[in-house]
Amino acid sequence: MALYLLYETSSGYSLFLANGLDEIGQNTEAVRNSVSDLNRFGKVAQLTAFLPFESALDALNQCNSVSEGIMTDELRNFLELNLPKVKGGKKVKFSLGVAEPKIGSHIFEVTKIPCQSNEFVHELLRGVRLHFERFIKDLKSGDLEKAQLGLGHSYSRAKVKFNVNRVDNMVIQAIFLLDTLDKDVNSFAMRVREWYSWHFPELAKIVNDNYLYAKLAKFIDDKSKLSEDKLPELTDILGDEDKAKEVVEAAKASMGQDLSPIDLINVQQFAQRVMDLSEYRKKLHEYLITKMNDIAPNLASLIGEIVGARLISHAGSLTNLAKCPSSTLQILGAEKALFRALKTRGNTPKYGLIFHSSFIGRASARNKGRMARYLANKCSIASRIDCFSESGTTVFGEKLREQVEERLDFYDKGVAPRKNIDVMKAAIGSAENKDTAMETEEAPAVTPAKKSKKKKSKSDTAENGEAEDTEDKPVVNGVAAEDAKSEKKKKKEKRKLEQEPAVEKSNGTNGVDTDEQGGTAKKKKTKSKDQDRKELQDASDMKKKRKKSKSEE
Amino acid sequence: MSRGLAADHGRGASRTHNNAGRGGRGGGAFRAQNNAGRGGRGGGAFRAQNIAGRGGRGGGAFRAQNIAGRGLGVRGRGRGGGRGGANGRGGMRGGNKAVIIPHRHEGVFIAKSKDDALVTKSMVPGDSVYNEKRISVQNEDGAKVEYRVWNPFRSKLGAAIQEGIDNIWIAPGARVLYLGAASGTSVSHVSDIVGPTGVVYAVEFSQRSGRDLVNMAKKRANVIPIIEDARHPSKYRMLVGMVDVIFSDVAQPDQARILALNAAYFLKTGGHFVLSIKANCIDSTLPAGKVYDSEVDRLRADLLKPAEMVTLDRFERDHACVVGSYRVPKKQKTAA
């Protein structure tokens, strides 16, 4: 009875015929000995067919099916084409060896080809895997590795849901280009001014804006041809009739030399270049804004796109920015001052790139440092949400922005800001409202959850009251997020199940870690924050529930 | 032994940055010269010397030095300078000149300056995978070679090398299957060692770490990321060829079985394996020594023959590293 072998590779499917080995004595030892030597193995197994994959997409599909143990149509066609026909009723005189029984049973179900998957087959497949390159003449060495690399990457990217649109490299490159462009456009504009001023010096003093100057230079061309009838167009360009008249007057009494037509053409072309670059810079700016809203919407809505993009590019990537602590984010961009201060034991800088956001400017001098720290904290939260959340909502960014505004007000006027827990709950609520279009379902669902928590809090008020509070102090934000995330879990049954265990686990570890830190926190603060006790109880109970469930596992 | 070290330093007295005498060459002749100086004391002694050189400072100091060096984790991109010397090019402390000498293991190097560090030659110069320090040296023909510092506290393989393991079997041109790749910090060093002629198949199940792994693999063409459960090698059998070495750092209670399954699929006859055992994860009630012994027994049952074991006590608690071979052919008794 002939034994065929199905061997799947990154380049395609292959079929081998194993012979020379007695079927009754399916001796794995014998196979092992023969495997190491190519000549001997070549007698044991011969290549009968090879089907290369048509495209990278096809290869990915096949790989996914093979990993699930499912036979695809292409595999089926390949097998039916190259194996002897299976006639119904008659005993089948061959068998197909496969690496895994699941795919074997599927093949048998559909095509009635008997499959086997035992140690004997495994040994043979080991031999095939070792010597595969020699069997296929067309495959040069390294081809198979390239195929594996490509297929491995696409398979893994599909697994981690690698979204091409959310690549932060674009933003980093765009912001670099923006800076370079600014410098270049400025140098070129200066050059145009110098050059054209040889012909018409007064214009440089009348028109200050670079872009307008270039436009004018292109339009006016030869100043001797400038006359009153060009006035309406001049006004259009300049937007100001008086200026236009000034220009015309200056042109008549100008001290500049005349230029030949060729020279004028050159200046014109250059002026055109400057205008094009200026317009390109505008478009790039818009592109950057769009990209920032794609990959980091919360960060963009909190501190603005440009500052956000600078932060991302300085950290290296959005993930790096999310990983670094908020104190680092606060002084990103002021490293020289930071390390100088650390070396000389002076005062470290209070803000780095963050300084360019509007909030710091609006704070009074005394509070700039405090606002910088607060803003850096919120930016950290926003960047982490952006990096690790799947949905692209800007709700959190806006809520965080409101919080920063409130804090600014607090410093200015003493208006007490809202509690962080409330803001975050509202944010999560509205984030979910956006997700599910069923708004009415949300409201009743939220209240029972809250009620159940309040009941628990009343019963647990006595025990561990103080301890829980102190633990919660440093963890208020984290627990609030955990809090809401547990609510999310109850509602989002259908959606993104795989995310939840990861979220659950990370929240659990967060809770445990901060517990250990919080245990040593100061206990003095509990007395001053009595009104927080209730809300913190709610939060602590969710944590306790989760801790209990973790200990049960 | 410390005198021996001083002697080495004396030889490389001209410890300038453009030290043509040393530099990142690692060629055969050069290694011979070094080994002659060391070999005189024997292989074992060489291992001990390494430990003395590092142990003298104690684990804590070494760790602190690396943390200080990590700075802000920026990748050397800056707008208009202002880099405060945090990610200094030379040596462990910013601004220090370092001398690179090859390690006993091929593809691994040692950077000698005020402190010693294990380094590998970076395949992607200018890039830090996990904010490790990088050392740039210029060799004779003026080309700049960059080396990345290998932190033994973060990498079990690095720790095993520092503890003086005899043979890691991961050499330039090798094909390695790395189970438990996590975010790719150790994988990057393995990829540096095997070089462009070798291949590293990095298997990691977790999605978060997998994302970092895929990002790291984008820059290194010899790393193939596989986000799949190592318990089921049949699922990724299409992506992997036959390998020479399996490195396993999965920290699962059934890791011996996982290693055996993967070896049955992918490890060549006469291939080798390097397994990192975390005693707490196998059985937290037994003492570590007993756990290691039981793991070794389990390995033997599956044709995985252990050759040596080192405990990584200086770097991790209750961890050990076992190296062995697979399906060693029985030595035929020569007929008299």
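This is a predicted model: local features need pLDDT of at least 70, side-chain atom pairs count only at pLDDT 80 or more; totals for chains, interfaces and linings use all residues.
Author: Residues are numbered from 1 along each chain as its sequence is written, chains are lettered from A and ligands numbered from 1 in the order in which they are written, and side-chain values use heavy atoms, with hydrogens and water left out.

Reader: Why is Leu151(A) called buried?

Author: Buried means under 20% relative accessible area, exposed means over 50%, and partly exposed is in between (1.4 Å probe, protein chains only). Leu151(A) has 3% relative accessibility, so Leu151(A) counts as buried. Its place is helix α7 (residues 143-159) of chain A; helices (H or I, at least four residues) and strands (E, at least two) are DSSP runs, numbered from the N terminus.

Reader: What is Leu151(A) in contact with, leaving aside its neighbours within four places in sequence?

Author: Contact means heavy atoms within 4.5 Å. By that rule Leu151(A) is in contact with Ser10(A), Ala59(A), Leu60(A) and Cys63(A), and also with Met238(B) and Leu239(B). Ala59(A) is 92 residues from Leu151(A) along the chain, yet their C-alpha atoms are separated by 7.0 Å.

Reader: Why does Thr72(A) count as buried?

Author: The relative accessibility of Thr72(A) is 12%, against a limit of under 20%, so Thr72(A) counts as buried. Thr72(A) sits in the loop between α3 (56-68) and α4 of chain A. Not counting residues up to four places away in sequence, Thr72(A) touches Tyr13(A), Gln62(A) and Ser65(A).

Reader: Why is Lys87(A) called exposed?

Author: The relative accessible area of Lys87(A) is 53%, and exposed means over 50%, so the word applies. Lys87(A) is in the loop between α4 (73-82) and β4 (94-97) of chain A.

Reader: What makes the surface patch that includes Lys87(A) positive?

Author: Lys and Arg count as positive and Asp and Glu as negative, while His and the chain ends are not counted. The patch is formed by Lys85(A), Lys87(A), Lys90(A), Lys91(A) and Lys93(A), so it is a positive patch. Members of such a patch have over 30% relative accessible area and no salt bridge, and like charges are joined within 9 Å.

Reader: How do you know that Asp212(B) and Lys323(A) meet in a salt bridge?

Author: A salt bridge is a side-chain nitrogen of Lys or Arg within 4 Å of a carboxyl oxygen of Asp or Glu. For Asp212(B) and Lys323(A) the N to O distance is 3.4 Å, so the pair qualifies. Asp212(B) lies in helix α7 (residues 207-219) of chain B and Lys323(A) in helix α16 (residues 318-323) of chain A, so the pair joins two chains.

Note on methods: Patches are made of residues with over 30% relative accessible area and no salt bridge: like charges are joined within 9 Å, nonpolar side chains (Val, Leu, Ile, Met, Phe, Trp, Tyr) within 5 Å. Accessible areas come from the Shrake-Rupley method with a 1.4 Å probe; for residues, only the protein chains shown count as cover. The place of a charge is taken as NZ of Lys, CZ of Arg, CG of Asp or CD of Glu.
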